[in-house]
Amino acid sequence: MKIVDIKIYVNCPGRNFVTVKIETDKGIYGLGDATLNGREMAVVAYLEEHIKPCLIGKDAHQIEDIWQYLYRGCYWRKGPVTMTAIAAIDMALWDIKGKAADLPVYQLLGGKSREKIKVYGHANGKNIEETLDHLGRLIDEGYKAVRLQCAIPGLEGTYGTLADKKDYYELQSDRPLPPEQIWDTNTYLNFVPELFKKAREKYGMDVQLLHDVHSRLTPIEAARLGKILEPYNLFFLEDSVTAENQSGYKYVREHTTIPLAVGEIFNTIWDAKELIENQWIDYIRMAATHAGGITPMRRIADFASLYHIRMAPHGPPDISPIGHAANAHLNIWAPNFAIQEFIGFGGTTLNNVFKHPLTLEDGHLLLQDKPGLGVDFDEKAAEKYTYKRSYLPVSRLKDGTLWNW
Ligand code: CS2
Ligand code: MG
């Protein structure tokens, strides 16, 4: 089965998405997600100019060899742009193989380890009371696990909080330049324990609570936060420290028993190797769209399982339904799957463009049995949602120092 064309679509149904369609001489096509929030057009260029010419005429069934050709065959390896481009090709090839075999992709991976996929939602607010009200609504909707993010008093635009929706960056689509936000670690560390104390007082210990620090602490600050939060029994504390220096997590691990999660910005297994081998973390947050696709995610899941580490794939609204479907097939198969981040997709416009096989029920995602990934993409409908350059925010300390956003 020969690849005869590769089409790349950049659309903005609520927010920017990049979609890859691989067409074959047998009339079967496959879809892949190439969305990299804030750097979409870099991935488009990589696909159009550097990947597409090499793949026309290749056998679409040769998933592994094509992955090695695109990864190992490129002298300049790794990186989010490269691996997101490779991921989209890889997802599309698995989609094609599933359609050709008339089987859902999870069957090609080895079948089901579970019938449904446990998820966690996002509760946000401009203060603790609003955040806890949102938590209560999500509990009523059936979520068993919820991430809490609350604006920090006195800090403009804290990560993950809804300022009447326009600032919830994943859904942002008209941000011509990066907005700047202020961060202050001391204010944050003095505030956030109260959020979880109040959450437990109001809702008890059953609901599983999570929190995303978004890489803003040093290892010893993260260790301090972990210790303070231990009584509130979090499911995990995410991205407490940036992980370019993986051994930073050694210092966090030595001081606290809070479960640690990291990895949404990792793009190859090498970004996580030390963390996994030393069991410095408990959950790995890598997901198909930014980690090179389904092919490497199988390897990462198996490697992590040797060290008691479980899968908790990244799943914000800036991963398209194709990327979420790829995660879902991996989650149904992976013996060491734990939890999937999922807050739904960015509104009705998105549903005009993507038809996906996922339904949310009682805090779990159900994956409809369809051949391949089970997603469809309406190119015609997508045309009217034109790409708008949009940036993620930039973060600075009060003295102007550029900080991790
Ligand atoms: C966040 C992401 O969902 C998460 O855990 O870290 O929403 C992240 O901020 C966005 O994907 C960035 O585009
Ligand atoms: Mg995160």
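**Entry 1: histidine 308**

I started with histidine 308, which counts as exposed at 66% relative accessibility. My cut-offs: buried is under 20% relative accessible area, exposed is over 50%, and partly exposed is in between, with a 1.4 Å probe and protein chains only. This is a predicted model, where local features need pLDDT of at least 70 and side-chain atom pairs count only at pLDDT 80 or more, while totals for chains, interfaces and linings use all residues. Residues are numbered from 1 along each chain as its sequence is written, chains are lettered from A and ligands numbered from 1 in the order in which they are written, and side-chain values use heavy atoms, with hydrogens and water left out.

I then looked up the backbone of histidine 308 and found phi near 65°, a positive value in a residue other than glycine. Most residues other than glycine have a negative phi, so I noted it. Histidine 308 is in the loop between α10 and β11 (310-311). Helices here are DSSP runs of H or I with at least four residues, strands are runs of E with at least two, and both are numbered from the N terminus.

Glutamine 279 went on the list too, with phi near 50°, again positive and again not a glycine. I found glutamine 279 in the loop between α9 and β10, partly exposed with a relative accessible area of 34%.

**Entry 2: the magnesium ion**

Which residues hold the magnesium ion (ligand 2) as protein donors? I got Asp212 (OD), Glu238 (OE) and Glu264 (OE), lying 2.2 Å from the ion. Donors are N, O and S atoms within 2.8 Å of the metal (3.2 Å for Na, K and Ca), and water is not among the atoms, so sites may look incomplete. In sequence I read the spacing of the donor residues as D-x25-E-x25-E. Aspartate 212 sits in strand β7 (residues 208-212) and glutamate 264 in the loop between β9 (260-262) and α9 (273-277), so this pair ties together parts 52 residues apart in sequence. I checked burial as well: aspartate 212 and glutamate 264 are both buried.

**Entry 3: α10 against α11**

Two packed helices are described by the angle between their axes and the distance between the axes. For helix α10 (residues 294-305) and helix α11 (residues 321-333) I noted an angle of about 35° and axes 11 Å apart. The axes are lines fitted to C-alpha atoms, for helices over the stretch in contact, and angles run from 0 to 180 degrees between N-to-C directions.

Which residues of α10 and α11 meet? On the α10 side I have Ile294, Met297, Arg298, Ala301 and Asp302, and on the α11 side Ala326, Leu330 and Trp333. Contact means heavy atoms within 4.5 Å. By class, I noted six nonpolar, no polar and two charged residues for this contact. Nonpolar covers Ala, Val, Leu, Ile, Met, Phe, Trp, Tyr, Cys and Pro, charged covers Asp, Glu, Lys and Arg, and the others, Gly among them, are polar.

**Entry 4: salt bridges**

How many salt bridges does the structure hold? The structure has 25, each being a side-chain nitrogen of Lys or Arg within 4 Å of a carboxyl oxygen of Asp or Glu. I looked up three of them.

- Arginine 299 and glutamate 64 meet at 2.9 Å, N to O. The pair links distant parts of the chain, helix α10 and helix α2 (residues 63-71), 235 residues apart. Arginine 299 is partly exposed at 37%, and glutamate 64 is partly exposed at 31%.
- Glutamate 341 and arginine 285 meet at 2.7 Å, N to O. Glutamate 341 is in strand β12 (residues 340-341) and arginine 285 in the loop between β10 (283-284) and α10, 56 residues apart. Glutamate 341 and arginine 285 are both buried.
- Lysine 7 pairs with aspartate 5, with the closest N and O atoms 3.7 Å apart. Lysine 7 is partly exposed at 29%, and so is aspartate 5 at 21%.

**Entry 5: two more residues**

I found asparagine 352 in helix α12 (residues 348-353), partly exposed at 36% relative accessibility. Leaving out residues up to four places away in sequence, asparagine 352 touches Asp378, Ala381 and Tyr385.

Lysine 118 is in strand β4 (residues 117-125).
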